[in-house]
Amino acid sequence: MPGKIEPFLKSWIEVENDSDFPIQNIPFGIFRRLNGHARAATRIGETVVDLYALAMHGFLDGLGLDHSLFNVDSLNALIALGKPACRALRLRIAEIFEQSSASLRDDPGKRQEILIPVEQVQMMMPVFVGDYTDFYSSIEHATNVGIMFRDPANALLPNWRHLPVGYHGRSSSIVVSGTNIHRPKGQTKEDTAEFPEFGPSRQVDFELEMAFITGAKTDLGQSISTADAEDHIFGMVLFNDLSARDIQKWEYVPLGPFLAKNFGSVVSPWIVTLDALEPFRIAGPDQRPEVQPYLQFEGDHNFDIHLEVIIQPENQPEHLVCHSNYKYMYWNMAQQLAHQTVNGCNINVGDMYGSGTISGPGPGTFGSMLEIAWKGTRPVKMPDGTERKFINDNDAVIMRGHGIKGDLRIGFGEVVTKILPAFP
Ligand code: CA
């Protein structure tokens, strides 16, 4: 497999056994030192590697990569070079940090310039997101929502098994982990009320999602086949698609989600490449009825990635409210991208595609408070004795995700956001 970093390799940088960032990961992100400029980076264990400093010291010579590619506030130009270039970069980084490789290991001066403890940097948005699509591709989630809001006997709408349902979201409010979001205000309407009211949402929710990021553009009119789709996908992040359920319920007919969805979606800062996720590739659910030819595919395109969601009230311990898995996705990324472009819609480098809420097959695996507390009828008991139907002010929502195969663990770190009170 091209781009494979052998699972037995170890780094001379210390990596704990339960780290998401062994030398086999080599994700990409954008960081800033305190009062410093933004730069491209990778991460091994708890150490951030400044790729600009690495390049300036000649460690990336011969790859044909201009140093300016790393002295940037987004990865768009780097990933636009294509998979072979990014693959060669990952492999070079693995060579430099492999435990027997002495050139940087034994040079304290250069190490000082290139390596930074992760707690000393601020992570930033890894890409400039031009366009953002949100899918609705978990059959368990779509079924749960259909049961709650429409008809238990016909929970899935007639189109659902025939195409990956999605909508075009807003990219301006996609922000990086650590960004706190104020409770949105908007119109809501009780079923029994004659008129809507205006005020802070009472039903702020998370949506446990993953998002993929495209690394190659297409021209208007061009379509991407399922066979070629992964060539256009650079990597993935965790994605918390915050949602205001009461605003959503009143506004969404007939054109779909709007202000209930665009007040903040939060991503994890490190883009994990599809190459790094290769060991976790797995078959997806059986698709019945058979899908249209343009949505059919060869091989396995799901990934076995354990996911969890935690609510942490201020000054309280973490409380796990969901454990799910990306492998439950009914529609895979290749199908989503083929569908996105089948009409000739063009895509750009850095575009983001949310999976839709990832719910699993049973209680405990649901990816939103809407489902976990089942429309408020089964509140979650918190360790401090309080209950949650949705997210309270000053609750932090933490999502984590990783794959495990034998001794190999590759993960995404976490995406954290705190819900602040509404602006007065
Ligand atoms: Ca969503």
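# Terms and values in a predicted model

Biologist: Why is Ile26 called buried?

Modeller: Its relative accessible area is 0%. Buried means under 20%, exposed over 50% and partly exposed in between (1.4 Å probe, protein chains only), so Ile26 counts as buried.

Biologist: What are the ground rules for the values?

Modeller: The model is predicted, so local features need pLDDT of at least 70 and side-chain atom pairs count only at pLDDT 80 or more, while totals for chains, interfaces and linings use all residues. Residues are numbered from 1 along each chain as its sequence is written, and side-chain values use heavy atoms, with hydrogens and water left out.

Biologist: Where does Lys375 lie, and is Lys375 buried, exposed or partly exposed?

Modeller: Lys375 is in the loop between helix H11 (369-372) and strand E23 (380-381). With a relative accessible area of 45%, Lys375 falls in the class between the two cut-offs and is partly exposed. Lys375 also has a positive phi, near 60°.

Biologist: How do you know that Lys375 lies over the face of Phe149?

Modeller: A charge sits over a ring if NZ of Lys or CZ of Arg is within 6 Å of the ring centre and within 35 degrees of the ring normal. Lys375 is at 5.1 Å from the ring centre of Phe149 and lies over the face of that ring.

Biologist: Why is the pair of Tyr132 and Phe239 called tilted?

Modeller: Rings of Phe, Tyr and Trp (its six-membered ring) pair if their centres lie within 6.5 Å; planes under 30 degrees apart count as stacked, over 60 as edge-to-face and the rest as tilted. By this rule there are 8 aromatic pairs. The centres of Tyr132 and Phe239 are 5.5 Å apart and their planes are at 45°, so this pair is tilted. Tyr132 is in strand E6 (residues 132-135) and Phe239 in strand E14 (residues 233-241), so the pair ties together parts that are 107 residues apart in sequence. Tyr132 counts as buried at 2% relative accessibility, and Phe239 counts as buried at 0%.

Biologist: What makes Asp134 a donor of the calcium ion?

Modeller: Donors are N, O and S atoms within 2.8 Å of the metal (3.2 Å for Na, K and Ca). The protein donors are Asp134 (OD), Glu207 (OE), Glu209 (OE) and Asp241 (OD), which lie 2.2 to 2.3 Å from the calcium ion and so meet the calcium cut-off. Water is not among the atoms, so the site may look incomplete. The donor residues are spaced D-x72-E-x1-E-x31-D in sequence, and both Glu207 and Glu209 are buried.

Biologist: What makes a space a cavity and not a pocket?

Modeller: On a 1 Å grid over the protein atoms alone, a cavity is a set of points where a 1.4 Å probe fits but cannot get out; a pocket is an open set with protein on both sides within 12 Å along at least five of seven lines, and lining residues have an atom within 4 Å of a point. Grid points are joined across faces, edges and corners, and a volume is the space filled by probe spheres set on the points. The search finds 1 cavity of 30 Å³ or more, and the largest cavity holds about 70 Å³. Helix H3 (83-97) gives the most to its lining, with 4 residues.

Biologist: Which residues of the largest pocket are closest to its centre?

Modeller: The largest pocket has a volume of about 810 Å³. Of its 32 lining residues, Tyr136, Val145, Gln248, Tyr252 and Pro257 are the closest to the centre. Helix H6 (139-149) gives the largest share of this lining, 5 residues.

Notes:
Helices (H or I, at least four residues) and strands (E, at least two) are DSSP runs, numbered from the N terminus.
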